[in-house]
Amino acid sequence: MLKTSRYALSVVVILFAAYGLITQNFNLNDIMIFLLSLLMLLMGLEEFQRGKKANGWLFVAVFLFSLFVSIQGFLLS
C-alpha cells in the first residue's frame with residue numbers, strides 16, 4: 001500500500017516539476033512542494049516499518065519543513 005502510494009505520488013510530483021520547467025509557469029510550485037512533503041512522510045513511514053528509525057525521523061523532519069514552506073507559499077500568494 002505504501003509502496004504504490006509512493007510511486008503514484010512520485011509520478012505526480014515529477015509531472016508538476018516537468019510542467020513548471022517546460023512552460024516556465026511556476027504557479028503550481030506550492031502544490032508540488034505540498035505533494036513532495038507527503039511523499040517524504042510516506043518514505044518516513046516506510047523507513048519506520050523497516051526498523052530504520054534514524055532515517056525515518058530524518059524524513060519526518062523534511063516533511064515538516066516542506067509542509068511549513070508550502071503552507072507559507074499558499075498564504076503569501
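The structure is a predicted model, in which local features need pLDDT of at least 70 and side-chain atom pairs count only at pLDDT 80 or more, while totals for chains, interfaces and linings use all residues. Residues are numbered from 1 along each chain as its sequence is written, and side-chain values use heavy atoms, with hydrogens and water left out.

Let me begin with the overall fold. The protein has 3 helices and 0 strands; helices (H or I, at least four residues) and strands (E, at least two) are DSSP runs, numbered from the N terminus. The order of elements from the N terminus is α-α-α. Along the principal axes, the C-alpha atoms fill a box of roughly 40 × 25 × 15 Å. Of the 77 residues, 27% are buried, where buried means under 20% relative accessible area, exposed over 50%, and partly exposed in between, with a 1.4 Å probe and protein chains only.

I turn now to helix 2. Among the buried residues of helix 2 are Asp-30, Ser-37, Gly-44 and Glu-46. Their cover includes helix 1 (2–23) and helix 3 (53–76). After helix 2 comes Gly-51, with a positive phi near 95°.

What forms the largest nonpolar core? It has 6 residues: Leu-9, Val-13, Met-32, Leu-35, Leu-39 and Leu-42. A nonpolar core is a set of buried Ala, Val, Leu, Ile, Met, Phe, Trp, Tyr and Cys residues joined through side-chain atoms within 4.5 Å. Leaving aside neighbours within four places in sequence, Leu-39 is in contact (heavy atoms within 4.5 Å) with Arg-6, Leu-9 and Ser-10.

Finally, the surface. Tyr-19, Leu-28, Ile-31 and Phe-74 form a nonpolar patch. Such a patch joins nonpolar side chains (Val, Leu, Ile, Met, Phe, Trp, Tyr) within 5 Å, from residues with over 30% relative accessible area and no salt bridge; a salt bridge is a side-chain nitrogen of Lys or Arg within 4 Å of a carboxyl oxygen of Asp or Glu. Tyr-19 lies in helix 1 and counts as partly exposed because its relative accessibility is 37%.

How values were computed
Patch = residues over 30% accessible without salt bridge, like charges linked within 9 Å, V, L, I, M, F, W, Y side chains within 5 Å. Areas by Shrake-Rupley, 256 points an atom, 1.4 Å probe, with all protein chains shown as cover.
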